[in-house]
Amino acid sequence: MPTNQTHPNVIPLGRTSLLNMTKILFYTLHLSPPCRAVELTAKALGLQLERKIVDLLGGDHLKPEFLKLNPQHTIPVLDDNGTIVSESHAIMIYLVRKYAKDNILYPTDLIGQARVNALLHFESGVLFARLRFITEHVFFKHQPDIPEDRIEYVQTAYRLLEDTLADNFVAGPTMTIADFSCVSTVASLMGFVPMEKSTHPKIYAWIERMQQLPYYEEANGAGAADLAKRILLAMKANRKA
């Protein structure tokens, strides 16, 4: 597989102008897949984010000062010199539209954009929704195990993604923000709902391509592993409660 040709949209860190002068506040938590999707986008664009950690389990998202930023009390939230953008997909599109040197990460042509949009909706409506069914069950309802039907929902999502991957990346031959969004959730899920490599070879090959990004581990890999670890530890603690 080609490596240099598959990631042509990484901006050199030495680029000046808005990338170095703009103060961008980012309300985030590394355990959150949507937050990590934005991190991947920012890294690809060479953007520096000033991170504000929001402890969801500690209730930071329900504090009055955060609710002024996002009445839906969800993360991530971006504050770009007073422009507030919430929801990971909206943030990624905003960052690409404002700061990217080209349209590779989020195409402007109708067909290319439609393909990316379709996969963004698949990520939020299928992949992340099924992850959230599990994290809420364990972290907030304090349940000791993942129900079998929820595991099967995730396995079905894996199969749908495997069938979708007809090229090197989820929306075609070139990496886009749809890959950042999908890989942040899939890499997290695989830590507590294992995926069989023999039946999902295209997903494993796609993840390996994403892992070639020099910023992948920092922006996504470590957080995905930490989330899986915390899920497993929480289930163990819930069994003893």
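**Reading helix packing, core and rings**

Q: Which residues in H4 meet which residues in H5?
A: On the H4 side they are His89, Met92, Ile93 and Arg97. Their partners in H5 are Gln113, Leu120, Glu123 and Ser124. Keep in mind that this is a predicted model.

Q: How do the axes of H4 and H5 cross?
A: Two packed helices are described by two values: the angle between their axes and the distance between those axes. Here the axes of H4 (residues 88-99) and H5 come within 11 Å. They cross at roughly 150°. Angles over 145 degrees count as roughly antiparallel, so H4 and H5 are roughly antiparallel to each other.

Q: Which residues of the largest nonpolar core touch the most other members?
A: Start with the general idea. In soluble globular proteins, nonpolar side chains tend to be buried together. In this model the largest nonpolar core has 75 residues. Leu78, Leu95, Ile177, Phe180, Phe192, Trp206 and Met210 touch the most other members. Helix H5 (residues 110-140) gives the most to this core: ten residues.

Q: What is Leu95 in contact with, leaving aside neighbours within four places in sequence?
A: Its partners are Val38, Leu45, Leu47, Leu78 and Ala100.

Q: How many aromatic pairs does the structure hold?
A: One. Tyr27 and Phe66 form it, edge-to-face. Their centres lie 6.1 Å apart, with 65° between the planes. The pair links distant parts of the chain. Tyr27 is in strand S1 (residues 24-28) and Phe66 in helix H3 (residues 64-69), 39 residues apart.

Q: Are Tyr27 and Phe66 buried or exposed?
A: Both are buried.

Q: What sits over the ring of Phe169?
A: The charged end of Arg209, 6.0 Å from the ring centre.

Key
Residues numbered from 1 in each chain as written. Predicted model: local features only at pLDDT ≥ 70, side-chain atom pairs only at ≥ 80, totals over all residues. Heavy atoms only, no water. Phe/Tyr/Trp six-rings, centres within 6.5 Å; stacked < 30°, edge-to-face > 60°. Helix = DSSP H or I, 4+ residues; strand = E, 2+ residues; numbered from the N terminus. Buried < 20%, exposed > 50% of the residue type's maximum accessible area, 1.4 Å probe, protein only. Lys NZ or Arg CZ within 6 Å of the ring centre and 35° of its normal. Core = buried A, V, L, I, M, F, W, Y, C linked by side-chain atoms within 4.5 Å. Contact = heavy atoms within 4.5 Å. Axes fitted to C-alpha atoms, helices over the stretch in contact; angles between N-to-C directions. Parallel < 35°, antiparallel > 145°, perpendicular 65-115°, else oblique.
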